[in-house]
Amino acid sequence: MESGETSVYGASLAGGSFDFVKFIKQPQTILRVLSWVFSIVVFATITAEGYVNPPNHSQVVCVFNKNDGACHYGVGIGIIGFLACVGFLMVDIYLPMMSNAQERKRVVTADLVFSAAWTFLWFVCFCVLANQWANTVDVNGIPTDAVHAIIAFSFFSIATWGALTYLALMRFRQGVGEVSQNYGESAPDQTSQYPTSYVPPDHNSTYPATTYPATTYPASAYPSFPPGRPDIYQQPPFVTKQEPMGDSDYQPPAY
């Protein structure tokens, strides 16, 4: 990545245009193309020249000590590795267009797990093929150059897939660190008891007691009533019997 360019999980942020020249110059792109070529060489060579028909056998047998399992294993690992390289190349093109950091994390994690697994499987393939070829006694009619190419490119595949594992691990660590840093800068401080603009009062400080003078009013401010006149503000006494409404001569019927 260029210096000063913001990225997440080894790819630039979403919204930018696709740069083909920059894409083909990336280390993971070069390694995927090499792994793709090595896989083709292994499974294509085994399919074309990995089986011979010896004079004392009615059927073709694997050139690796007549062990068909060794040839089948090499073909299977090569074909799956070939398809995986094509798939991950497409994912590398689409990765900068992903705006969700969790989706990028899942893609990089899948790349890391698959690359590590195929590094180990190619190592097993190399060991199996080399061991079976070392135990092969009758090499008459066997194209030794093709056998040597199969073993050599199996070994080369260990290196390329191992390098892809390392790059995927670096992208994963870089992405986790960048996401954590961005979240830490944008997340509010949950440990603060008060907002930064609020200053809690100091309960230990003593404030002088404020005394207010008693308010007195002159006698003229209160209303005065002549003697013998009832107080108009006095509420009437509670009356238990309520006068009927309407005509005062109305008498309730007796039952």
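**Notebook: cysteines and a helix pair**

I began with Cys62, which counts as buried because its relative accessibility is 2% (buried is under 20% relative accessible area, exposed over 50%, partly exposed in between, with a 1.4 Å probe and protein chains only). The model is predicted, so I kept to its rule that local features need pLDDT of at least 70 and side-chain atom pairs 80 or more, while totals for chains, interfaces and linings use all residues. Residues are numbered from 1 along each chain as its sequence is written, and side-chain values use heavy atoms, without hydrogens and water.

Next I looked for disulfides (pairs of cysteine sulfur atoms within 2.5 Å). I found one disulfide, joining Cys62 to Cys71 with an S to S distance of 1.8 Å. The torsion about its S-S bond is about 75 degrees, so the disulfide is right-handed. Cys71 is buried at 0% relative accessibility.

I then checked Cys125, which is in no disulfide; its nearest cysteine sulfur, that of Cys127, is 9.3 Å away. Cys125 is buried, at 1%, whereas Cys127 is partly exposed, at 33%.

Last, I looked up helices H3 (residues 68-94) and H4 (residues 101-134), which pack at about 155 degrees with axes 10 Å apart. Helices here are DSSP runs (H or I, at least four residues), numbered from the N terminus. Axes are lines fitted to C-alpha atoms over the stretch in contact, and angles run from 0 to 180 degrees between N-to-C directions. That angle makes H3 roughly antiparallel to H4 (over 145 degrees). I noted that the contact (heavy atoms within 4.5 Å) includes Ala70 and Tyr73 of H3 and Trp118 and Cys125 of H4.

Notes
Helices (H or I, at least four residues) and strands (E, at least two) are DSSP runs, numbered from the N terminus. Angles under 35 degrees count as roughly parallel, over 145 as roughly antiparallel, 65 to 115 as roughly perpendicular and the rest as oblique.
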